[in-house]
Amino acid sequence: MNADPNCIFCKIVAGQIPSKKVHEDEQVLAFHDIHPWAPVHVLVIPKQHIATLAEVGPEHAALLGHMLGLAPRLMRELGVVDGFRTVINTGRDGGQEVYHLHMHVMGGPRPWARG
Ligand code: AMP
Ligand code: ZN
C-alpha cells in the first residue's frame, strides 16, 4: 500500500500511532478525531496515501464512493440519530492541516464546539 513515512495518518494506518478505531477494511480506516468539534466526530481515511482531494482522479471513484457510503453506517452505529455533517478540507485555502485525504463525519446533539 502506497504510504508516506512522514505522514501522521499513514502512521495511524500502520499502527505506529494509536487511534480510537471505529471501522477498518481493506481500503479505509475510520477513527475518532483527537479534537472533536461535535459529540461524535470521526475521520474516514483511505489506507493508501493520497495527499488531498485535489489529487484524485477517475481511478479513485470507487474508493471515494466507499468512503462516503460509510458515513451513514458509522453514524448509525455510533448512535447518531438526527443528522450529521460530512466535510473534506482541501489545500491551504480549504483549511487542510493534515495532508492525507480524510473526510470528517460529525454528528450528535447541538450545540457543538465548532462547525
Ligand atoms: P483538517 O484541517 O481537515 O486537515 O483536519 C485534520 C484533523 O485531524 C483535525 O480535526 C485534527 O484534530 C485531526 N487529527 C490530527 N492528528 C490526529 C490524530 N493523531 N488522531 C486523530 N485525529 C487527529
Ligand atoms: Zn498518508
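1. Basis of the note. This is a predicted model, in which local features need pLDDT of at least 70 and side-chain atom pairs count only at pLDDT 80 or more, while totals for chains, interfaces and linings use all residues. Residues are numbered from 1 along each chain as its sequence is written, chains are lettered from A and ligands numbered from 1 in the order in which they are written, and side-chain values use heavy atoms, with hydrogens and water left out.

2. Overall fold. The chain has 2 helices and 5 strands, where helices (H or I, at least four residues) and strands (E, at least two) are DSSP runs numbered from the N terminus. Read from the N terminus, the order of these elements is α-β-β-β-α-β-β. The radius of gyration is 14 Å, close to the 13 Å that the globule rule gives for 115 residues, so the chain is as compact as a globular protein of that length; the radius is taken over C-alpha atoms, and the rule is 2.2 Å times the number of residues to the power 0.38. Along the principal axes, the C-alpha atoms fill a box of roughly 35 × 30 × 30 Å.

3. Among contacts (heavy atoms within 4.5 Å) between residues at least 6 apart in sequence, 56% join residues at least 24 apart.

4. The zinc site. The zinc ion (ligand 2) is coordinated at 2.0 to 2.3 Å by Cys7 (SG), Cys10 (SG), His49 (ND1) and His100 (ND1). Donors here are N, O and S atoms within 2.8 Å of the metal (3.2 Å for Na, K and Ca), and water is not among the atoms, so sites may look incomplete. The arrangement is tetrahedral because the 4 donor atoms around the zinc ion (ligand 2) subtend angles of 105 to 116°; four donors count as tetrahedral if all angles lie between 85 and 135 degrees. For reference, the ideal angle for four tetrahedral donors is 109.5 degrees. In sequence, the donor residues follow the spacing C-x2-C-x38-H-x50-H, and both Cys7 and Cys10 are buried.

5. The nonpolar cores. A nonpolar core is a set of buried Ala, Val, Leu, Ile, Met, Phe, Trp, Tyr and Cys residues joined through side-chain atoms within 4.5 Å. The largest has 16 residues, of which Val44, Met67, Met75, Met103 and Val105 touch the most other members. Strand S2 (28-32), strand S3 (40-46), helix H2 (61-77) and strand S5 (103-107) each supply at least two residues of this core, and H2 gives the most, with 6 residues. Apart from this core lies another, of 8 residues, among them Cys7, Leu29, Phe31 and Leu43.

6. Leaving aside neighbours within four places in sequence, Met67 is in contact with Val28, Val44, Ile45, Pro46, Leu101 and Met103. Val105 is found in strand S5 and is buried, with a relative accessible area of 1%. Not counting residues up to four places away in sequence, Val105 touches several residues, including Val40, Val42, Val44, Ala71, Met75 and Phe84.

7. Residues at other positions. Ala38 lies in the loop between S2 and S3 and counts as buried at 8% relative accessibility; beyond four places in sequence, Ala38 touches Met106, Gly107 and Trp112. Ala62, by contrast, is found in helix H2 and is exposed, with a relative accessible area of 60%. Gly95, in the loop between strand S4 (84-87) and S5, counts as partly exposed at 42% relative accessibility. The C-alpha atoms of Gly95 and Leu74, which are 21 residues apart in sequence, are 24 Å apart in space.

8. A cis peptide bond. The bond from Arg110 to Pro111 is cis, with omega near 10°, and Pro111 lies in the segment after S5. Most peptide bonds are trans.

Terms used:
Tetrahedral: all angles 85-135°; square planar, octahedral: opposite > 155°, others 65-115°. Buried < 20%, exposed > 50% of the residue type's maximum accessible area, 1.4 Å probe, protein only.
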